[in-house]
Amino acid sequence: MLLYVSGGSGSGKSAWAESRIVSSGLPERIYIATMDPSGPEGQRRVERHRRLRAGKGFVTREQPVDLPSLQVPRGCAALLEDLTNLFANEWFTVSPEGAAERVLRGIQALKDTAALTVIVGNDLFSDGLDYEAETRRYLEALAALNRSAAALADGVYEVVCGIPICHRKEEGL
């Protein structure tokens, strides 16, 4: 089962995703951390997320790039936090060419192996700003990746002010 959840910064999407993993009852819980923290702000965000998931039974795997190479236990619950960071790392540190395909291969591998995978995405598309051509190209590719991940998912949710809005409800689990 694959769930995709999106929302703006501070929307509560990560807390919702963690609660879905915990409430699944699956004993093996893998937290796939994609952020490559640099600088004090990045370190603060990582520490905050660690505090928030403390005591929930997660084993953290750092995977800022190359998601297809990540091995998770069959039948586990996996939380990918988050799609936007992973794609940015692939795009800017590996190569824009094939970045989305690499990420989608990794998502499919998680879907095929884990009993439950929850992917967290970010809403970066509603600020109304006009960007330079290269930034627009990246944002368009990210939007396409988000659509592809949502299409692959069994359930799609958006969290607004801590409230999950179901766009496609999954069955089972």
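These are my notebook entries on a predicted model.

**Entry 1**

I began with Ser11, which sits in the loop between β1 (2–7) and α1. I noted Ser11 as buried, because its relative accessibility is 8% and the cut-off for buried is under 20%. I then looked up what its side chain reaches. The side chain of Ser11 comes to 2.9 Å from the backbone oxygen of Gly8, and to 3.4 Å from the backbone nitrogen of Lys13. Setting aside neighbours within four places in sequence, I found Ser11 in contact with Val159, Val160, Cys161 and Gly162.

Next I went through helix α1, residues 13–23. I listed its buried residues as Lys13, Ser14, Trp16, Ala17, Glu18, Arg20 and Ile21. After α1 comes Gly25, and I wrote down that its phi is positive, near 80°.

**Entry 2: a surface patch**

Which residues form a nonpolar patch on the surface? I found Val160, Ile163 and Ile165, with about 240 Å² of accessible area together. Ile165 belongs to strand β7, residues 163–168. I put Ile165 down as partly exposed because its relative accessibility is 35%.

**Entry 3: salt bridges**

How many salt bridges does the structure hold? I recorded seven. As background, side chains of opposite charge can pair when their charged atoms come close.

The side chains of Arg102 and Glu90 meet at 2.6 Å, N to O. This pair links distant parts of the chain, with Arg102 in helix α4 (residues 99–113) and Glu90 in helix α3 (residues 83–94), 12 residues apart. Are Arg102 and Glu90 buried or exposed? I found both of them buried.

Arg137 forms a salt bridge with Glu97, and their closest N and O atoms are 3.5 Å apart. Here too distant parts of the chain are linked: Arg137 is in helix α5 (residues 133–152) and Glu97 is in the loop between α3 and α4, 40 residues apart. Arg137 counts as partly exposed because its relative accessibility is 36%, whereas Glu97, at 53%, counts as exposed.

Lys111 forms a salt bridge with Asp154, with 4.0 Å between the closest N and O atoms. Lys111 is in helix α4 and Asp154 is in the loop between α5 and β6 (155–160), 43 residues apart. I noted Lys111 as partly exposed, with a relative accessible area of 23%. Asp154 is also partly exposed, at 31% relative accessibility.

**Entry 4: nonpolar cores**

I turned last to the interior. In soluble globular proteins, nonpolar side chains tend to be buried together. The largest nonpolar core in this model has 30 residues. Which of them touch the most other members? I listed Tyr4, Ile32, Leu67, Leu83, Phe87 and Ile107. The elements giving two or more residues to this core are β1, β2 (29–33), β4 (77–81), α3, α4 and α5. Helix α5 gives the largest share, six residues.

I then followed Leu67. Not counting residues up to four places away in sequence, Leu67 touches Ile32, Leu80, Leu86, Glu90, Val103, Gly106, Ile107 and Leu110. Glu90 in that list is the buried partner of Arg102.

Another core lies apart from the largest one and has 17 residues. Its members include Ala17, Leu26, Leu116 and Val159. Two of these names I had already written down: Ala17 is a buried residue of helix α1, and Val159 is in contact with Ser11.

How values were computed
Residues numbered from 1 in each chain as written. Predicted model: local features only at pLDDT ≥ 70, side-chain atom pairs only at ≥ 80, totals over all residues. Heavy atoms only, no water. Buried < 20%, exposed > 50% of the residue type's maximum accessible area, 1.4 Å probe, protein only. Helix = DSSP H or I, 4+ residues; strand = E, 2+ residues; numbered from the N terminus. Patch = residues over 30% accessible without salt bridge, like charges linked within 9 Å, V, L, I, M, F, W, Y side chains within 5 Å. Areas by Shrake-Rupley, 256 points an atom, 1.4 Å probe, with all protein chains shown as cover. Polar contact = N/O pair within 3.5 Å; in protein donor to acceptor, adjacent residues only side chain to side chain. Contact = heavy atoms within 4.5 Å. Core = buried A, V, L, I, M, F, W, Y, C linked by side-chain atoms within 4.5 Å.
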